[in-house]
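Here is a chain to read closely. What can be said about it, and on what grounds?

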Amino acid sequence: MVGIILASHGEFAKGILQSGTMIIGEQEQVEAVTLMPNEGPNDIREKLQQAAESFDTDEVLFLVDLWGGTPFNQASALFEGHEDTWAIVSGLNLPMLLEALGARFSTDSAHEIARSIVQSAKDAILTKPEDLAPKAEVNPADAQVEPTGALPEGTVVGDGRIDIGLARIDSRLLHGQVATSWSKDVKPTRIIVVSDNVANDELRKNLITQAAPPGIKANVIPIQKMIDVWHDTRFGKTRALLLFENPQDLLEVIKGGVGINEINLGSMAHSEGKSMITNALSVNQKDIETFKELRDLGATFDVRKVPSDSRADLWKLLKKTKYMD
């Protein structure tokens, strides 16, 4: 696994690592190195050297705060002789860090990760109001594969059926772990929140649609609309990441004929009367009965907060509760 060193003036490197850990989970072979006001170039150079030597790999990626600053300059001074296995990228921001952490699961090359994270860091720079941002030039080759504009009912696009890359139960719906880790893993063209409650709440609906990661559309639709979409041949080139607040809504969708075979359990908030089965999942008797009904309909369960987590067995976890006989 590629080692990552975050380097900054002051505590920024430690703070952004803490933020990344909150979103994507604890990480191995990542070090935060800081240059404090009472320290000089030699101090941070020694810290950088020690961090690099602590890794069990020759592949090291330096993410630094500022091009030409002391952390960058001292990393560059150590760079000679490691050109084939080390890489340095400046302008460290949180999307860049999350992209780098996720990329380590698909490549063992620091150079490859460095190439991949720069565009993600740029794409995450957005403004509100939107017209404050400079207009980007659109490359025709990057046009959406989904159809645009209204198509006549009965039109068959692609294979005529929406592709569900992930169906996830998460009481927080669209948040950092979904917008970064799962979106990178699933590569959806749309994130769809399926909920009657949220679809009727304009504030929550607007917040969710605005939280979509760059290049991915987000929609909030009621349960019946999701069933209609499944049977609508115009969505044949749509790859979707579906989000549900609770298992009961997902059960209604499956009963409506939507072909969901595996369910990812990410987060179910704790409330009075619920039992904790993991640090992110709380259930009551109603939830367990719904899980059993989903199982009887052929669904399997994948208990993971982020793609890098190991899969846990739902039924073993449920044995911890007072509701399972």
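This is a predicted model: local features need pLDDT of at least 70, side-chain atom pairs count only at pLDDT 80 or more; totals for chains, interfaces and linings use all residues.

Q: What share of the 325 residues of the chain counts as buried?
A: The share is 47%. To count, a residue must have under 20% relative accessible area.

Q: What share of the contacts with a separation of 6 or more comes from residues 24 or more positions apart?
A: Such residues account for 75% of those contacts in the chain.

Q: Which domains does the chain have, and how far apart are their centres?
A: The domain assignment gives domain 1 (3-124) and domain 2 (163-319). Their centres, taken over C-alpha atoms, are separated by 33 Å. The contact between them takes 9 residues from domain 1 and 8 residues from domain 2.

Q: How do you know that the length of helix 2 agrees with its number of residues?
A: Helix 2 covers residues 41-54, which makes 14 residues. At 1.5 Å a residue, the helix should span 20 Å. The C-alpha atoms at its ends are 20 Å apart, so the two values agree.

Q: Which residues of helix 2 are buried, and what puts them on the same side?
A: The buried residues are Ile-44, Leu-48, Ala-51 and Ala-52. They cover an arc of only 95° around the axis, and therefore sit on the same side of helix 2. On the other side of helix 2, Asn-42 and Glu-53 are exposed.

Q: What covers the buried residues of helix 2?
A: The cover includes strand 1 (3-9), strand 2 (30-35) and strand 3 (60-64). It also includes helix 3 (70-79) and strand 4 (86-89).

Q: What makes Asn-93 a cap of helix 4?
A: A side-chain oxygen of Asn-93 lies 2.8 Å from the backbone nitrogen of Met-96. The cut-off for a polar contact is 3.5 Å. Asn-93 caps the N-terminal end of helix 4.

Q: Which residues does UniProt list for "active site"?
A: The unreviewed UniProt entry lists His-9 and His-175. The record also places the feature "modified residue: Phosphohistidine" at His-9 and His-175. They span 167 residues in sequence, and the farthest two C-alpha atoms are 28.9 Å apart, so they do not all gather at one spot.

Q: Why is His-9 called partly exposed?
A: Its relative accessibility is 36%. Partly exposed lies between the 20% limit for buried and the 50% limit for exposed. His-9 therefore counts as partly exposed.

Q: Where is His-9, and which residues is it in contact with?
A: His-9 is in strand 1. Beyond its neighbours within four places in sequence, His-9 contacts Leu-35, Asp-65, Gly-69, Thr-70 and Pro-71.

Q: Is His-175 buried or exposed?
A: His-175 has 15% relative accessibility, so it counts as buried. The limit is under 20%. His-175 lies in the loop between strand 5 (163-170) and helix 6 (176-186).

Q: What makes the pairing of His-175 and Asp-170 a polar contact?
A: Their side chains are joined at 2.7 Å. A pair of N or O atoms must lie within 3.5 Å. Leaving out residues up to four places away in sequence, His-175 touches Arg-168 and Asp-170.

Q: Why is Arg-168 called buried?
A: Its relative accessibility is 0%, so Arg-168 counts as buried. Arg-168 is in strand 5. The residues that Arg-168 touches include His-175, Trp-182, Phe-244 and Arg-304.

Key. Residues are numbered from 1 along each chain as its sequence is written. Side-chain values use heavy atoms; hydrogens and water are left out. Helices (H or I, at least four residues) and strands (E, at least two) are DSSP runs, numbered from the N terminus. The expected span of a helix is 1.5 Å times one less than its number of residues. Buried means under 20% relative accessible area, exposed over 50%, partly exposed in between (1.4 Å probe, protein chains only). The arc is that of the directions from the helix axis to the C-beta atoms. Contact means heavy atoms within 4.5 Å. UniProt positions are given in the numbering used here, feature names are shortened, and annotations may be inferred rather than shown by experiment. A polar contact is a pair of N or O atoms within 3.5 Å; within protein, one must be able to donate a hydrogen and the other to accept it, and residues adjacent in sequence count only if both atoms are side-chain atoms. Domain bounds come from an automatic or database domain assignment.
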